[in-house]
Amino acid sequence: DKEIVESLGISSNSFYVLKSRLFDRIQEFLSVDVFSNQETLIRQLLQVPEICFNRPREIAIAFLQKLEKELLKYDLHNDLMVVYSALKKMHLYSEKYFYYSQLFNKHAGLGLSLEKAEEILGNFNRMLGQYNFSKNQQYLDTLNFLRIEIANLYALNPSRQIEMIRNFIELQLIIYAQETNSIEHNTEELLQSTRKIFSELPETAAQKKWEIVLDYLCFEYYFSKNELKAALQYYEKVNA
């Protein structure tokens, strides 16, 4: 820093303004179009060790912080663990080490919670199939228990992906079990809010591929309401 100040013949304040602007430019250059496709994201994450070990520390941190900012937009917890693991090591001799360690632990917990949410959804769907064939009250009680379990998990670890899974469970209880006393919102609002979550997820998110499930649930819902015109558009999407 001292050499640059002397070389440019500028004051310390001017230097730090230039340094801040350069920091932003480095971030943009190193991680432009992170989410243009899945290959780009994977390549960016694979570059983390190379950049941390072979680039100047300031450039490595700029790259990691830009990647962090983009990943946070989409709640990509497992990918954020890679970034926070690198950031806490880059700040091993700084007071920020504890800060990034806490963030790493937080997203490790969120990643595990998402895995648990998917497990609950799988068990719910298996039990729903058994209920549909038998209409046994015991199966329905289990379905409602799983609904409470996913609601509690979301309350502890709010994440768009977990919210989406919670909504899937609520929608299936309404459509297939006529359980309407378990939700605060009406079915239309639930369908729309779930669609909004999908629109906010990047193409690289694994859950983005599940949107066809929402289309199918929309078809089932509108068909059950005898709104055939609305049901037809979702039938055509799913049938394709």
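User: How many residues does helix α10 have, and what span does helix α10 reach from its first C-alpha to its last?

Analyst: In this predicted model, α10 covers residues 211-224, which is 14 residues. Its span from first C-alpha to last is 20 Å, close to the 20 Å expected at 1.5 Å a residue.

User: Which residues of α10 are buried, and what do they pack against?

Analyst: An α-helix has 3.6 residues a turn, so residues three or four places apart point the same way. In α10 the buried residues are Leu 214, Asp 215, Leu 217, Cys 218, Phe 219, Glu 220, Tyr 221 and Tyr 222. They pack against α8 (160-177), α9 (187-200) and α11 (228-239). After α10 comes Asn 226, with a positive phi near 65°.

User: Which members of the largest nonpolar core touch the most other members?

Analyst: That core has 61 residues, and Leu 64, Leu 143, Ile 150 and Tyr 222 touch the most other members. Tyr 222 is one of the buried residues of α10, while Leu 64 is among those of α4. Helix α4 spans residues 57-72 and reaches 22 Å, close to the expected 22 Å. Leaving aside neighbours within four places in sequence, Ile 150 is in contact with Ala 117, Ile 120, Ile 162, Ile 165, Arg 166 and Ile 169.

User: Why does Leu 18 count as partly exposed?

Analyst: Leu 18 counts as partly exposed because its relative accessibility is 43%, and that class lies between under 20% for buried and over 50% for exposed.

Technical notes
Residues numbered from 1 in each chain as written. Predicted model: local features only at pLDDT ≥ 70, side-chain atom pairs only at ≥ 80, totals over all residues. Heavy atoms only, no water. Helix = DSSP H or I, 4+ residues; strand = E, 2+ residues; numbered from the N terminus. Expected span 1.5 Å × (residues − 1). Buried < 20%, exposed > 50% of the residue type's maximum accessible area, 1.4 Å probe, protein only. Core = buried A, V, L, I, M, F, W, Y, C linked by side-chain atoms within 4.5 Å. Contact = heavy atoms within 4.5 Å.
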